[in-house]
Amino acid sequence: MMPGHGRVHPAAGPAAPEPGDFSGEMNQSVSATSASDPSSSPLYSFHLEKPVPPAQPGPPQPGSTYVVQVPKDKVFRVPPPENARLFEHYTRRAKRRRRCSCARVCTWTIASILALAFLLAAAAGVVYVAFRPRRPTYAVQKLAVRGLAGVGNASAAPAGGAFSPAFDAAVRADNGANGRVGVRYGGGGHVSVSYDGVLLAEGEWPALYQEPRNVTVFVVNAKGPGLRLSPSVGGQMAAAERLRSVPLDVDVEVPVRLQLGELKTWAVPVRARCTVAVDRLAADAKVVAESCSVKLRLVFWWI
């Protein structure tokens, strides 16, 4: 053996740590800890530890505290008191404006109606002064009766006891009072003849034009269907015929227009009732008494 190399070294084992090197101490502590509890090693726990699953929500426990998250647009805030005062102020002002608007509209409407009424009245006054319209007069000059022979006499009554009366009335329409106004009788006029409220016959008023200062006589026909008269009515008519005065009512309703130069007024319904008394119920009957009255629904355009 060479001098200086005769020292006997111990068996190979863990190397002694150098001064100032703590790796040996850490390795020794790790080795000792690993030898006693392998699961406590940092390397062991890092590589073999499983992730802990999240806790499942369970039933609420008494006394627990909860945090509720509400979206911002769902949060209701209490407005300050001055907002309520402002709202009341603007509401009152809006009501006042609405009342003012309604009052203004009503005022304009009433003013327009009054102005229109004034214009119409002025126009009617001008027409009246210019044309001086007057109401025509009517009279029944003759009334021929057919189909009532033997009334009140059962033996002379027609077969079955049903009468079919017919009347031909000669009517005189006088427009002589109007020097500048013509009268137009429209179609659709109605004429009826009755006795003591019992309708005997009906007919139509003819359509015609009557010029100013004109007198026209025309015939109106009225016919009745099979009519059964009660014994009392038949007896009254027979008694009146014996007295040579059988009263009959002739009712007329016809639409009339006035012709004022080139201007025509609107149609106005004219109603007339003539009470006529004839001496007998025959075709050659004579009128012994007669009176007519005229009624108008609108009378402002003639007197």
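**Cysteines, strands and core of a predicted model**

Good morning. I begin with Cys 106, which counts as partly exposed at 44% relative accessibility; partly exposed denotes the range between buried, under 20% relative accessible area, and exposed, over 50%, with a 1.4 Å probe and protein chains only.

Two remarks on the basis of these values. This is a predicted model, in which local features need pLDDT of at least 70 and side-chain atom pairs count only at pLDDT 80 or more, while totals for chains, interfaces and linings use all residues. Residues are numbered from 1 along each chain as its sequence is written, and side-chain values use heavy atoms, with hydrogens and water left out.

Let me turn to the disulfide. Taking a disulfide as a pair of cysteine sulfur atoms within 2.5 Å, the count comes to 1. The disulfide joins Cys 274 to Cys 292, with an S to S distance of 1.9 Å. Cys 274 lies in strand S10 (residues 268-278) and Cys 292 in strand S11 (residues 287-296), so the pair ties together parts that are 18 residues apart in sequence. Strands here are DSSP runs of E with at least two residues, numbered from the N terminus. The torsion about the S-S bond is about 115°, so this disulfide is right-handed. As to accessibility, Cys 274 is buried, at 6% relative accessible area, whereas Cys 292 is partly exposed, at 28%.

Next, strand pairing, for which DSSP must find at least two bridges between two strands. Strand S1 (residues 137-146) and strand S2 (residues 166-174) run antiparallel and are joined by 9 bridges; Ala 144 stands opposite Asp 168 in S2. S2 is also joined to strand S7 (residues 215-223), again antiparallel and through 9 bridges. There, Ala 170 has Val 219 in S7 as its bridge partner.

Which residues have the most contacts inside the largest nonpolar core? They are Phe 167, Trp 205 and Leu 248, in a core of 46 residues. Strand S8 (residues 246-260) gives the most to this core, with 8 residues. A nonpolar core is a set of buried Ala, Val, Leu, Ile, Met, Phe, Trp, Tyr and Cys residues joined through side-chain atoms within 4.5 Å.

Leaving aside neighbours within four places in sequence, Phe 167 is in contact with residues including Leu 143, Val 193, Val 220 and Leu 248, contact meaning heavy atoms within 4.5 Å.

Finally, Ser 192 lies in strand S4 (residues 189-195) and is buried, with a relative accessible area of 10%. Not counting residues up to four places away in sequence, Ser 192 touches Leu 199, Ala 201, Glu 202, Asp 249, Val 250 and Asp 251. Thank you.

Technical notes
Helix = DSSP H or I, 4+ residues; strand = E, 2+ residues; numbered from the N terminus.
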